[in-house]
Amino acid sequence: MVRGKTQMRRIENATSRQVTFSKRRNGLLKKAFELSVLCDAEVALIIFSPRGKLYEFANSSMQETIERYRRHVKDTKINKQTSEEDMLLLKTEATNMVKKIELLEIAKRKLLGEGLGACTIEELQQIEQQLERSVSNIRARKVPQKHHSMCFCLKSSGNLHGLRCIFFSHVQNQVFKEQIERLKEKEKQLEDENAKLSEKCGAHKWQGLKMVEESRACEERSPVSDVETELFIGPPETRTQRLLQ
């Protein structure tokens, strides 16, 4: 005879309900015992009948198993709450980091000279001062390694006066170097201008010498003519005799 499928609903007949409870209770207790033996699991089973009667099974102490269950539930709740708080904290930190990154990107673009159209005069002045400070720091970091080692030795020995002297001498050297570079640039500019002027003056001089030589050549090619400018008063015969004398 084929057994039909049991419908999962309350059995209305009290006798049938009691019989089904007894059978399934015994089967559940048997399964709990088998699970504890075969799988070496800690099993605790508590059953209350419809009339309030207690049926229980535990392969170890029931009280210890219940206490272990309570501790586990408590730890799970704490861990869950802590995990939720950590997630909220991480989300808040991530949001703040995104905002900071955006602000840093905007500041970086401004330092590179981009996106300055919406800046006020005060913001532009602050950017300029920041760039000047950066340039000063970069120049200060260009100290040679030997000066660092000497400063370290003098500082370790307590010779503060020597440290000051080296520092000021280095600053003066830096200033002198900058002045020398500027003077060299001016010297180069003056040399270029002098060369241009020399070229112009040489061209004019050459033209003047050429004109003088041409005039001399013309004089040499033309016959020499003496022009008498002396004033003579008298008859023409007397003038002719005078010229013959």
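**Salt bridges**

Modeller: R10 forms a salt bridge with E12, with 3.5 Å between the closest N and O atoms. The term salt bridge stands for a side-chain nitrogen of Lys or Arg within 4 Å of a carboxyl oxygen of Asp or Glu. By this rule the count is three. The model is predicted, so local features need pLDDT of at least 70 and side-chain atom pairs count only at pLDDT 80 or more, while totals for chains, interfaces and linings use all residues. Residues are numbered from 1 along each chain as its sequence is written, and side-chain values use heavy atoms, with hydrogens and water left out.

Both R10 and E12 are exposed; exposed means over 50% relative accessible area, buried under 20%, and partly exposed in between (1.4 Å probe, protein chains only).

Another salt bridge joins the side chains of R68 and E42, at 2.2 Å from N to O. R68 belongs to helix α2 (residues 62–111) and E42 to the loop between α1 (14–39) and β1 (44–48), so this pair ties together parts 26 residues apart in sequence. Helices (H or I, at least four residues) and strands (E, at least two) are DSSP runs, numbered from the N terminus. E42 has 37% relative accessibility and therefore counts as partly exposed.

E67 and R70 also form a salt bridge, their closest N and O atoms lying 3.5 Å apart. Because E67 and R70 are three residues apart in helix α2, about one helical turn separates them. With a relative accessible area of 31%, E67 is partly exposed, whereas R70, at 52%, is exposed.
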